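Please consult the sequence and the structure below while reading.

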Amino acid sequence: DCLLSRGLGDVYKRQVYIDYGTTALYLTQELILLHKKLTIVTNSLAIANEVVDGSEFELIMIGGHVRRNERSTFGPIATRTMNELFVDIGFFSAGAVHPDHGYTSIHLGEAEVSRLMLSHSQKQIMMIDYSKYGTVHMNRISKTEEIEWLVTDEKADPEMLETIKTK
């Protein structure tokens, strides 16, 4: 709740991008509990379902090819849509984070979606759990210094966090 309050600020209505994945889904559930009036932009079918079923938020669903295991969209239809969208805050996730290589993803299309929305977000918040630290996947989403806020759990390696923080 503290992060969400600080991240969303005192503004009643915000435009927010929420990436795909389980951490992003938990974030969405918390946002719904806060009863804020938001516009949610997402490429996640699971998040879109959560917003439609559990809130009065305005929803913008990014279309495109569907990656079945993540239930996310990507590809040229998605990027054409995102080229026209800009948000106040973007909440992102990644499959891996490494101090030298940044935030990376297994899937090229999802990495492309995240990269584009990072550049279209006034504030960027990356959500990574401890199990993803020190690993690298093939497709870079961003360098560590391109992310304004990093949200993680208490199991994250303090040395790794300090290295990322000083980049």
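The model is a predicted one.

- Three strands form an open sheet in the order 7-8-10, and their pairing is antiparallel.
- Strand 7 (96-98) and strand 10 (139-142) are at the edges with a single partner strand each, so one side of each has no neighbour in the sheet.
- From one strand to the next, the twist averages 40°.
- Strand 8 (residues 102-105) and strand 10 run antiparallel and are joined by three bridges; T104 has R140 in strand 10 as its bridge partner.
- Helix 5 (residues 108-119) packs on the sheet, where it touches strand 8 and strand 10, and its direction makes about 20° with that of strand 10.

**Salt bridges**
- The count of salt bridges comes to two.
- One of them joins the side chains of E110 and R67, at 2.6 Å from N to O.
- Because E110 belongs to helix 5 and R67 to strand 4 (residues 65-67), this pair ties together parts that are 43 residues apart in sequence.
- E110 counts as buried because its relative accessibility is 1%, and R67, at 17%, also counts as buried.
- D129 forms a salt bridge with K132, with the closest N and O atoms 3.8 Å apart; at 23% relative accessibility, D129 counts as partly exposed.

**Helix 3**
- Within helix 3 (residues 45-54), the residues I47, A48 and V51 are buried.
- These residues lie on the same side of helix 3 because they cover an arc of only 100° around the axis.
- At the start of helix 3, a side-chain oxygen of S44 comes to within 3.4 Å of the backbone nitrogen of A46.

How values were computed: Residues are numbered from 1 along each chain as its sequence is written. This is a predicted model: local features need pLDDT of at least 70, side-chain atom pairs count only at pLDDT 80 or more; totals for chains, interfaces and linings use all residues. Side-chain values use heavy atoms; hydrogens and water are left out. Buried means under 20% relative accessible area, exposed over 50%, partly exposed in between (1.4 Å probe, protein chains only). Helices (H or I, at least four residues) and strands (E, at least two) are DSSP runs, numbered from the N terminus. The arc is that of the directions from the helix axis to the C-beta atoms. A polar contact is a pair of N or O atoms within 3.5 Å; within protein, one must be able to donate a hydrogen and the other to accept it, and residues adjacent in sequence count only if both atoms are side-chain atoms. Two strands pair if DSSP finds at least two bridges between them. Axes are lines fitted to C-alpha atoms, for helices over the stretch in contact, and angles run from 0 to 180 degrees between N-to-C directions. Contact means heavy atoms within 4.5 Å. A salt bridge is a side-chain nitrogen of Lys or Arg within 4 Å of a carboxyl oxygen of Asp or Glu.
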